[in-house]
Amino acid sequence: MSLAHDHRPQPGSIPPRHDWTREQVRALFALPFPELMFRAAVTHREHFDPAEVQISTLLSIKTGGCPEDCAYCPQAARYDTGVAAEKLMSLDAVLTEARAAKAGGASRFCMGAAWRSPKDRELDNVCAMVEGVKALGLETCATLGMLTGDQAARLKASGLDYYNHNLDTSPEYYGAIITTRTYGDRLDTLEHVRAAGINVCCGGIVGMGEGLEDRVGMITTLAGLPVHPESVPINMLVQVEGTPLATAAKNAAKLDPLDFVRTIAVARICMPASMVRLSAGREDMSEETQALCFLAGANSIFYGPKLLTTPNPGRDSDMALLDKLGLRPLT
Ligand code: SAM
Ligand code: DTB
Ligand code: SF4
């Protein structure tokens, strides 16, 4: 029997729990690092082949000029970050990018818009993009801000597979990061997405000056959702000059990369059947840290030289890294 066979999901593996308490999640973070990694790696193997990594390519279909005040975001109009406000891209231009993403090896194409929420006419245009991207044989994902139930249903009817809407942090730290929409607003959108039958992609950002208890609160909230998000992006803050968090970070200690790895491991243990994405922040991350993230149960990445507005590792260096680690892109 080959080793690869041993790594396949085991029938009868323990089903996901939705009753994680803060105390239990705190206790996971407090485990000795090798013990935490071991438990995360075992959990990973109960549900996935640990050699497979899902890869998504991002495209900013509507960049900058956003009315919201998210303190991390280069696209908020109120911060001087050098990101110019652009109009929504044309359908043709989006499809050209989607074809290139597919040719480059991505299995999912994620379209992001710097909106508080889409207007109905804007949504018509995005629905056409979703239909077109789906027709290319790619999985589709969008992140457009808050959605009503009707809007979510329209996106579903157009063929949207995933909707990304992050909780970003703990309920109690949230107000220090965003004031123009509430945590409750975010939970409402997630409910609309779930009710429409779209897969939920929901995670957060670490390295925003939050404390350990906020990372505990974020994972406890995500793992307490009635259905776990199918995809859980864990982003390391990309510090963009001009954003309030980049300014604050100059006076604060940088997050230890091992605490980022711990967050991935705890997400893996608490949401065992979800894809956990090692998301933004890889450009400044060593190969060793990324390797630890894969060991901790990350099984998805953003692939391609750009996230929405900031750089990501190039395709060649990512393929070389996956190859070096013996990992395969999931097709
Ligand atoms: N405007 C929509 C919204 O906020 O829902 C969609 C796009 S928004 C850029 C998507 C997510 O990107 C945010 O929720 C946040 O988690 C992440 N993000 C934005 N800027 C980031 C940064 N500088 N570092 C890490 N993650 C970031
Ligand atoms: C997510 O959790 N991270 C992605 C995606 N979902 C939309 C966005 C990261 C953005 C990083 C900053 C930028 O490139 O503008
Ligand atoms: Fe706007 Fe989204 Fe950026 Fe917040 S994260 S400022 S909503 S683009």
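Predicted model: local features only at pLDDT ≥ 70, side-chain atom pairs only at ≥ 80, totals over all residues.
Q: Before the details, what conventions apply to the numbering and the model?
A: Residues are numbered from 1 along each chain as its sequence is written, and chains are lettered from A and ligands numbered from 1 in the order in which they are written.

Q: Which residues come nearest to ligand 1?
A: Tyr72, Thr143, Asn166, Asp168 and Val238 come nearest, out of 17 residues around ligand 1. A residue counts as near a molecule if one of its heavy atoms lies within 4 Å of it.

Q: Which polar backbone atom is 3.1 Å from a nitrogen atom of ligand 1?
A: That atom belongs to Trp115. On the side-chain side, an oxygen atom of ligand 1 is 2.9 Å from an N or O atom of Asn166, and an oxygen atom of the ligand is 2.7 Å from an N or O atom of Asp168. A polar contact is a pair of N or O atoms within 3.5 Å; within protein, one must be able to donate a hydrogen and the other to accept it, and residues adjacent in sequence count only if both atoms are side-chain atoms.

Q: Where is Asp168 found?
A: Asp168 is in the loop between strand E4 (162-164) and helix H7 (183-195). Helices (H or I, at least four residues) and strands (E, at least two) are DSSP runs, numbered from the N terminus. Asp168 is not a glycine, although its phi is positive, at about 75 degrees.

Q: Is Asp168 buried or exposed?
A: Asp168 counts as buried because its relative accessibility is 2%. The classes are buried under 20% relative accessible area, exposed over 50% and partly exposed in between, with a 1.4 Å probe and protein chains only.

Q: Which side chain has an N or O atom 2.7 Å from an oxygen atom of ligand 2?
A: That side chain is the one of Thr309. An oxygen atom of ligand 2 is also 2.9 Å from an N or O atom in the side chain of Asn166, and a backbone N or O atom of Leu308 lies 3.0 Å from an oxygen atom of the ligand.

Q: And ligand 3, where does it sit?
A: Ligand 3 sits in the largest cavity. On a 1 Å grid over the protein atoms alone, a cavity is a set of points where a 1.4 Å probe fits but cannot get out, and a molecule sits in one if more than half of its atoms lie within 2 Å of its grid points.

Q: What residues form the shell there?
A: Around ligand 3 are Cys66, Glu68, Cys70, Tyr72, Cys73, Ala76, Ala114, Trp115 and Arg181. This shell divides into seven nonpolar, no polar and two charged residues. Here Ala, Val, Leu, Ile, Met, Phe, Trp, Tyr, Cys and Pro count as nonpolar, Asp, Glu, Lys and Arg as charged, and the others, Gly among them, as polar.

Q: Change of topic: what does the side chain of Asp214 contact?
A: The side chain of Asp214 makes a polar contact of 2.6 Å with the side chain of Ser170. Asp214 is found in helix H8 (residues 212-223) and is buried, since its relative accessible area is 11%.

Q: Which residues does Asp214 touch?
A: Not counting residues up to four places away in sequence, Asp214 touches Thr169, Ser170, Glu172 and Tyr173, contact meaning heavy atoms within 4.5 Å. The C-alpha atoms of Asp214 and Glu172 are separated by 7.5 Å, although the two residues lie 42 residues apart along the chain.

Q: What about Gln290, buried or exposed?
A: Gln290 is buried, because its relative accessibility is 4%. Gln290 lies in helix H11 (residues 287-295), and its side chain makes a polar contact of 2.9 Å with the side chain of Arg282.

Q: Which residues does Arg262 touch?
A: Leaving aside residues up to four places away in sequence, Arg262 touches Phe29, Phe33 and Leu36. Arg262 belongs to helix H10 (residues 257-270), and a polar contact of 3.1 Å joins its side chain to that of Asp259.

Definitions and conventions:
Heavy atoms only, no water. 1 Å grid on protein atoms, 1.4 Å probe; cavity = no way out; pocket = protein on both sides within 12 Å on 5 of 7 lines; lining within 4 Å.
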